[in-house]
Amino acid sequence: MTESFYFTMEATNGTPQTKAGDWSNYQRVLLPPIRDLHKLEVYEENGGYKALREVLANSDWEPSKVTDEVKASGLKGRGGAGFPTGLKWSFMPPVDPDIPRFLCCNGDESEPGTFKDRQLMEYNPHLIFEGCLIANYAMSIKTCYIYVRGEFADWITHMERELAKAYDKGYVGENIMGTGFSTDIVIHKGAGAYICGEETSLMESLEGKRAYPRIKPPFPAQRGIWGYPTTINNVETLACAPIIINRGGKWYAGIGAETHPGPVLYGISGHVNKPGVYEYPTGMLITDLLEVAGGMRGGKKLKALVPGGCSVPVLRAEMIDGVTMDADSLRTVGSMMGTGGMLFLDEDTDMVSFLRRVTHFYHHESCGQCTPCREGTGWLENLVTRIDEGEGNLRDLDLLLDLCDQMEGRTVCALADAAAWPVRNTINRFRDEFEAKCKPAVFATGGEVEAVVD
Amino acid sequence: MPQVTIDGQVYEFEGRPKLLQFCLDHGIELPHFCYHPAMSIPANCRQCLVDVGNPVRDRATGELQLDDDGQPVIRFFPKLQTSCSQDITDGMVVKTKRTSEKVQRAQRDTLEFLLINHPLDCPICDQAGHCPLQIQAYKYGPEGSRFEFRKVHKPKKVKLGPRVVLDGERCINCTRCVRFTDEISKSHQLTIIQRGVSNYPMTPPGVTFDEPYSMNVIDLCPVGALTSADFRFQARIWEMSSTPSISTVNAKGSNCYYWVRDNLVLRVTPRPNLDVNEYWLADEDRLDYKRFNEDRPVGPQIRAAGVLIHVEWEQAYQRAAEILKSVDGGEILFLGSAYATVEDNYLLTKLAGALGGAVAGYLPHVEPGHGDGWLRTDDRTPNAQGCQRLGINPIDEAVVRARFEAGEIKAVYVLEDDPIGAGLFSQDDLEDIPVVLHYYNTTNATLAVADAALPAAMVVETVGTFVSEDGHAQRVVPAKAIRGVNRTLRMQMGMSRTDRHATPFDRWYNESHKIDCKPSWEALPAVAALAGHAMTYKGPRQIMQEVSKMPAFEGATYEAMGLHGVRLQDVAEEV
């Protein structure tokens, strides 16, 4: 492990509130500061594919042991739902040589405010490949699909070029590194629909069908791509696998928040001075992250924060004191970690306009399969637009909340919930702003009446 | 046996039925749109939501957990479940809208959503009156609408193919039509295009929706989004009577309904029969109805001084009887018909036998390559199998021609067919030979040489039995009235809603378009009696009673056939 490019992190637990330890001295592992790391030769020089060689060549690494190590690391999915990855891997049925099984790497990153996977694809694609290969080994899978969002055309070409190199060097394909293990990686280009990021509709899309989410159960591990057992993980989640193998699950579990550990890519955007993707441990104080991102632009005050992509509940500025970026802490203030795509909004932001944009997105992206989502998302946008334009009525606010009730939990996939949550929470948390924009419900009495009173 | 509790009532079940189908089978109504028993379950309409709970079991022992009263503890799913996709398991407890306000509310909410962008043009919509969306909106929907915006606009009156027209705005995206072309007909000619609230079904670029089963999507469509190019705007549903019957365009015997208004057949729709056509009907069966309305004869005719003149039925029967009596029975060419019922063909064999002759056979109407192994067959007649089981085989044209050339045929008796049109004879051949013709349409080429022309009742006007290619014997009942009084037909007539619910003073009843024809089981005995060979059948039921004693028709009584027919035993075909 001495040749590794990974650096040991000393957790000093300096600041009392943060769960990220001595984060200011944190050494990046997902996106380390190495020039041209996306090139195979550079990646190899810096310890690339070492974890893969380790699990394939060392007979101590039974496939099940790899899964156990991932379980021990406490890694939770980075795609938004935060499901424990090792547990997900263990859902795969026992190996049957007659039944193909698949791994799918979900690179259909399209939630507004989320742009972390793209950074990995651009700067460290081989880490993704290596993660896929390790996962394939752990679950005895022969094919991995990397489903990449269609708009990422440049990154697809970029990854295909790097993947071809990895094939040439024998890291992927038949008889990898002479160990007898064979597996393929296929990069699939999506056609640009948010819904394809939902795991079951991603599988439909991959099969060449219209991307309508499937009913669960059966879950992908039972019936996935072409009806065969499938595991789907986010790009960033799979990229953690080589790190866990190299450093050990125990090391990984010690990074950041205890219940939600590991390094994580924070995609910080909005009205901050230095927006971008920042790699830090989980459990960072939101205030620290704001500081890292250079503070609010123009010295403005923070008004609201969306902590993990636009579908998670928005937080008012006064709610974020002492809150850290991990599932438990965010739950206490009624929000979620999501994808870690943090959107900071300053005091000049009109929350009604913000919500109008969000509802427009879900209206545009609803696949139209289920009634409540197909019809509800459009209605939500209509109502919020009307309020934003000053034509709304106070009763529209209650109707909006009612519609959220009518949508949540009544559809095949979670898009309806994702569309309803921001509406519900933005209205509940910024109701004053919405009311201010609505037409008054009680009108001032006319001049003549005043005259009589006088 | 495992049990499920639905609304407090306990039902036993076998296997792993889906909840919605189980409820429908047990007469528990659950509203739904996208579910169809023959197709995959997408659970996309979200209308059949129910509250589902399972008994809690101890993890270690697997024992049921009991509450203080000794009843199993039920844990309900946090979300409502779609009953169409829900497998029933032992001990499951289900609350439908009857016992759960939550479910009631969910169904009302879904209907509110379905209606916000649905054009409420029921007054001009073909589906109105039997529209699941309309019915359910009245039954379970909200009152009024809270939607104050412009509805989504989509393409209207789009011809998807020659026979199906789309109104995109009415579509509720249940995807039944798409699933039909994907899973049942496998033509893949429809798909959903656009996204979200703009979704609607459409053909892929460069494709026309012209498969031979395309019109099934019209019945599948739970709203008026897909309509028949042919029937569109022709009639309201409550003005028509629908009569369960079978289609006669091919030898499959597909079950159908004939929809009749003012004694005109306006459309044909499938009638489910899992032993024959399941839920489907080929387009050719549906487009067949015009021949029931058009080119129909105006009454019996006889030839006098070389021209056909209209006469009373008695005179026509008399002429037919005279022809039969004028020649030796063996010199009459009796032609059976694969278009006619078993009863009619049977009576023809009786008549021929009484006269000392025999039925020569029937004219085959086979079009090789037309069949597709599903609902279309090479044979374009409905009753070839029935004829064969009566011992009437397809005629050997060479033998008949040889007899004709040898002058052995002195008269021709044709039951409901067209020997000239079929090319057996030319018009000149029969110019000097007396011909008795039972016929359907004035387009019949043999009519030109007929000496006694007797209009025959078609499948929509008669009572009788047809045997399909697969040996399925099915009876038909009259869908429309004919002129004249026939008690058997009157008793079996289909009724429309107005027939049933209005009073005679409502003046809904219409005498128009009645055809002056007779079922051959009425005409043949009349001719036979005048020819001196009286038959004593009271009606087709009694005829079939007698026929069902033959081994080839064993069990095929009217009572046994009912609405779904009986499968006859295979018998070795006589050659």
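Hi everyone, let's start with one pair of residues: Ala304 of chain B has Val307 of chain B, in strand β16(B), as its bridge partner. Before I go on, please keep in mind that this is a predicted model.

That pair belongs to two strands of chain B, β15 (residues 301–304) and β16, which run antiparallel and are joined by four bridges. Now let's step back to the sheet around them. How many strands form this open sheet of chain B? There are seven, and the order is β16-β15-β21-β20-β19-β17-β18, with mixed pairing. At the edges sit β16 (307–310) and β18 (359–362) of chain B, each of which pairs on one side only. On average, neighbouring strands of the sheet are turned by 20 degrees against each other, if we ignore direction.

A helix joins the picture here. Helix α9 of chain B, residues 342–354, packs on the sheet and touches β17 (332–336), β18 and β19 (411–415) of chain B. The direction of α9(B) makes about 165 degrees with that of β17(B).

Strand β22 of chain B covers residues 464–467, and strand β23 of chain B covers residues 472–476; the two run antiparallel, with four bridges between them. Thr465(B) stands opposite Arg475(B), which is in β23(B). Which way do the residues of β22(B) point? Gly464(B) and Phe466(B) point one way, Thr465(B) and Val467(B) the other way, and all of them are buried. Four residues lie between the two strands of the hairpin, and Gly471(B) takes a positive phi there, near 80 degrees.

How is chain B divided up as a whole? The domain assignment gives domain 1 (3–111), domain 2 (117–228) and domain 3 (301–461 + 517–539). Between the C-alpha centres of domains 2 and 3 of chain B, the distance is 47 Å.

Over to chain A. Its secondary structure comes to 18 helices and nine strands. The radius of gyration of chain A is 24 Å, close to the 22 Å that the globule rule gives for 454 residues, so chain A is as compact as a globular protein of that length. Along the principal axes, its C-alpha atoms fill a box of roughly 100 × 50 × 35 Å. Of the 454 residues in chain A, 54% count as buried. If we take the contacts in chain A between residues at least 6 apart in sequence, 71% join residues at least 24 apart.

Chain A is also divided into domains: domain 1 (27–253), domain 2 (263–346) and domain 3 (351–437). The centres of domain 1 and domain 3 of chain A, taken over C-alpha atoms, are separated by 35 Å. Between these two domains, 11 residues of domain 1 of chain A are in contact with seven residues of domain 3 of chain A. On the domain 1 side, those residues divide into eight nonpolar, two polar and one charged.

Finally, where do the chains meet? In this model, 24 residues of chain A are in contact with 25 residues of chain B. On the chain A side, the elements giving two or more residues are α13 (351–365), α14 (371–388) and α15 (394–407) of chain A. Which of them gives the largest share? That is α14(A), with nine residues. By type, the chain A side divides into seven nonpolar, 13 polar and four charged residues.

How values were computed: Residues numbered from 1 in each chain as written. Chains lettered and ligands numbered in written order. Predicted model: local features only at pLDDT ≥ 70, side-chain atom pairs only at ≥ 80, totals over all residues. Domains from an automatic or database assignment. Buried ≥ 20, exposed ≤ 12 C-beta atoms within 10 Å, placed from the backbone. Pairing = 2+ DSSP bridges. Nonpolar A, V, L, I, M, F, W, Y, C, P; charged D, E, K, R; others polar. Rg over C-alpha atoms; globule rule 2.2 N^0.38 Å. Axes fitted to C-alpha atoms, helices over the stretch in contact; angles between N-to-C directions.
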